[in-house]
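Good morning, and thank you for coming. Please keep the sequence and the model in view while I speak.

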Amino acid sequence: MEGEMLKGHLDMIVLAALSSGPAHGYAVIEEIRRRTGKAFDLPEGTIYPALHRLQQAGLLSSRWVTSESGRRRRVYTLTRSGTRALADRRAVWRQFSDAIHALLDGERSGKPA
Amino acid sequence: MTAAYLKELADALAFDPALASRVVTEAREHLADAAAEYGIEDREEAERRAAARFGDPRELAAQFAAISLASQARRVGFGIAFAIVVVMAMMKARVAWYTLVQWTMAKDTQVAAGIVLTVNRYAFWIAVVLGIGALLHVGRRSAPARIHAEYRTHLRRAALLFSGATTALAVSVTGDLILTTLRVGMDISRDSVIPIASLSIEIGCIAIAIFMIASASHRTAQAARSFEV
C-alpha cells in the first residue's frame, strides 16, 4: 500500500499496534507488519514522529528501559485516553469502510450487462 | 554507515537538541535491530539497507519540527502562567509584610502611589487574561504532521499573546518597583529585605519569560525556514 495513503491513518495504525501491549519503535513496526501481512510500505522512521505526536497528545506514555545487554530503548504504552481514542477511531473507520464497501459493491452490481 | 546516517539526522534536528538526542538514541537502536534482521555478513550493506528503510533524515526532521514547536509553545505558555502566579504571590507577600511590620506610605507620596496602583492592577489583570488566552490558544490544537503556513499563523498568534501577557506583566512589575521605591526609599534596613527580595523575584520572572519567548521565536523561525511546506 502507498505511503501517502497510509500517512493519514498512521496515528490509528500505531495505536492499534500498541493495543497488544507496550513496545519500542522497532517492535511497533514488527507488529504492524505481522498484523497486516507486510501490506504497508512506509519508511520505518515515520513511526517515530507519530509516536512522539501521540505521546504529546496524551494518548501514549513512554519510558526508557535498559535491557540486560545494556541497550536503551524507549518503550511506549497506550494511556487510558489512547485506548478510548483507538475505540473511537476504530468505530469511525468501520463506518467509513462499510460505506465505501457499499458504494463500490453497488457500483459493480449496478453496471449494465 | 549508521554513524553517518545518525549524524545527518542529528544535524537536521539541530533546532531542538533535547529532541535530537532522544530521536538519535531511538533511531540507533532501531537501525541496529533492522540491520541484524538481514542476517548477512556484509555489515556495511545491512546498515545501508536499514538506513534506506528508515527514510530520509530531513523528511523525518520536518515531521519532528512541527511536534517540537507545538511542545515548545506549550512550555512557553505554562512558563508565562507560572510567572503570573509567582508575581501575584510576591505582591501578596509584600502587602502582608507591610501590614505585619506596620509599614505605611508617606502622605506626600500617596496620590502618586494611588495612580501607579491603578495602572498596576489593570496591567496585572490584562496579563492574566492574555496568559489564559495564550494557554487556551496553544492547547486547542495538536501538532500537525508538517509545518505549513496555517500552522505558522497559529504560532504567530500564540507569540503575540505571549508577548502581550509578558508586556502587561512587565508593566505591572514596573508598577511594583515604583511602589516599593516610594515606600522603602533609601531606607535599607532588615525590614526592607522582603520587599526587595520579592521584587527581585518578580523581575527575574519577567526576564525568564522574555528569554523563553525570544528563544521560542528564534527556534520557530529556524525550523520554519528549513521545513515549512
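Let me begin with a definition: the domain bounds I shall quote come from an automatic or database domain assignment. Please also bear in mind that this is a predicted model.

On that basis, chain B is divided into domain 1, residues 2-55, and domain 2, residues 64-227. The C-alpha centres of these two domains of chain B lie 42 Å apart. Where the domains touch, domain 1 of chain B contributes 5 residues and domain 2 of chain B contributes 6 residues. On the domain 1 side of chain B, that contact is made by 4 nonpolar residues, no polar ones and 1 charged one.

I turn now to the partner chain. How many residues of chain B are in contact with chain A? There are 20, and they meet 17 residues of chain A. The elements of chain B that each give two or more residues to this side are α2 (17-38), α3 (43-54) and α4 (57-100). The largest share, 8 residues, comes from α2(B).

Finally, consider helix α6 of chain B, residues 149-184. Its 36 residues, at 1.5 Å a residue, should span 52 Å. What follows α6(B)? The next residue is G185(B), whose phi is positive, near 60°.

Thank you for your attention.

Terms used
Residues are numbered from 1 along each chain as its sequence is written. Chains are lettered from A and ligands numbered from 1 in the order in which they are written. This is a predicted model: local features need pLDDT of at least 70, side-chain atom pairs count only at pLDDT 80 or more; totals for chains, interfaces and linings use all residues. Two residues are in contact if their C-beta atoms, placed from the backbone, lie within 7 Å. Ala, Val, Leu, Ile, Met, Phe, Trp, Tyr, Cys and Pro count as nonpolar, Asp, Glu, Lys and Arg as charged, and the others, Gly among them, as polar. Helices (H or I, at least four residues) and strands (E, at least two) are DSSP runs, numbered from the N terminus. The expected span of a helix is 1.5 Å times one less than its number of residues.
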